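Subject: Structure handover and notes

Hello,

Here is the structure you asked about. Please open it alongside this message and follow the notes below.

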Amino acid sequence: MKTKDVLAHFGGKRATATALGLSTQAVQGWKLIIPQKQAWRLDRMTNGVLKIDETLYATSRDKSIVT
């Protein structure tokens, strides 16, 4: 799940942090992709409006199994 999509959905970092019960600083620390744990929470909280994309979180070990 991309940070820009989450922030757009909630209307900013502060609103996103409040919705997740996190500090604003925690949300500010997100890179391009939000942490997987938060992505799962958001997928459930929004009933799939914000949908987790598991391929964004695949590890190199997972990729080697597929190939």
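A residue is called buried when its relative accessible area is under 20%, exposed when that area is over 50%, and partly exposed in between, with a 1.4 Å probe and protein chains only. By that rule Ala19, at 31% relative accessibility, counts as partly exposed.

Two notes on how to read the rest. This is a predicted model, in which local features need pLDDT of at least 70 and side-chain atom pairs count only at pLDDT 80 or more, while totals for chains, interfaces and linings use all residues. Residues are numbered from 1 along each chain as its sequence is written, and side-chain values use heavy atoms, with hydrogens and water left out.

The chain as a whole

The protein chain has 5 helices and 0 strands, where helices (H or I, at least four residues) and strands (E, at least two) are DSSP runs numbered from the N terminus. Read from the N terminus, the order of elements is α-α-α-α-α. Of the 67 residues in the protein chain, 28% are buried. The accessible surface of the protein chain is about 4,600 Å², and 54% of that belongs to carbon and sulfur atoms; such areas come from the Shrake-Rupley method with a 1.4 Å probe, and for residues only the protein chains shown count as cover. A contact means heavy atoms within 4.5 Å. Among contacts in the protein chain with a separation of 6 or more, 48% are between residues 24 or more positions apart.

Helix H1

Which residues of helix H1 (residues 3-10) are buried? They are Thr3, Val6 and Leu7. Looking down the axis of H1, these buried residues fall within an arc of 95 degrees, so they line one face of the helix. The arc is that of the directions from the helix axis to the C-beta atoms. On the face of H1 turned away from the buried side are the exposed residues Lys4 and Ala8. The buried residues of H1 pack against helix H2 (13-20), helix H3 (24-28) and helix H4 (36-45). After H1 comes Gly11, which has a positive phi, near 95 degrees.

In H2 the buried residues are Thr16, Ala17 and Leu20. Seen down the axis of H2, they fall within an arc of 100 degrees, so they too line one face of their helix. Arg14 and Thr18 are exposed on the face of H2 turned away from that buried side. The cover over the buried residues of H2 includes H1, H3 and H4. H2 is followed by Gly21, with a positive phi near 70 degrees.

How do H1 and H2 cross? Their axes come within 8 Å and cross at roughly 85 degrees. Axes here are lines fitted to C-alpha atoms, for helices over the stretch in contact, and angles run from 0 to 180 degrees between N-to-C directions. H1 and H2 are therefore roughly perpendicular to each other. The contact is made by Val6, Leu7 and Phe10 of H1 with Lys13, Ala15, Thr16 and Ala19 of H2. For the angle classes, under 35 degrees counts as roughly parallel, over 145 as roughly antiparallel, 65 to 115 as roughly perpendicular and the rest as oblique.

Ala19, already mentioned, lies in H2. Leaving aside neighbours within four places in sequence, Ala19 is in contact with Phe10 and Met45. Ala19 and Met45 are 26 residues apart in sequence and 9.2 Å apart in space, C-alpha to C-alpha.

Two residues of helix H4

Leu42 is in helix H4 and counts as buried, at 0% relative accessibility. Beyond its neighbours within four places in sequence, Leu42 is in contact with Met1, Val6, Phe10, Leu20, Ile34 and Leu50. Leu42 and Leu20 are 22 residues apart in sequence and 8.0 Å apart in space, C-alpha to C-alpha.

Gln38 is also placed in helix H4, and Gln38 is buried, with a relative accessible area of 10%. Leaving out neighbours within four places in sequence, Gln38 is in contact with Leu20, Leu22 and Trp30.

A loop residue

Asn47 is found in the loop between H4 and helix H5 (60-66). With a relative accessible area of 71%, Asn47 is exposed. The phi of Asn47 is near 50 degrees, a positive value in a residue other than glycine. Most residues other than glycine have a negative phi.

Regards
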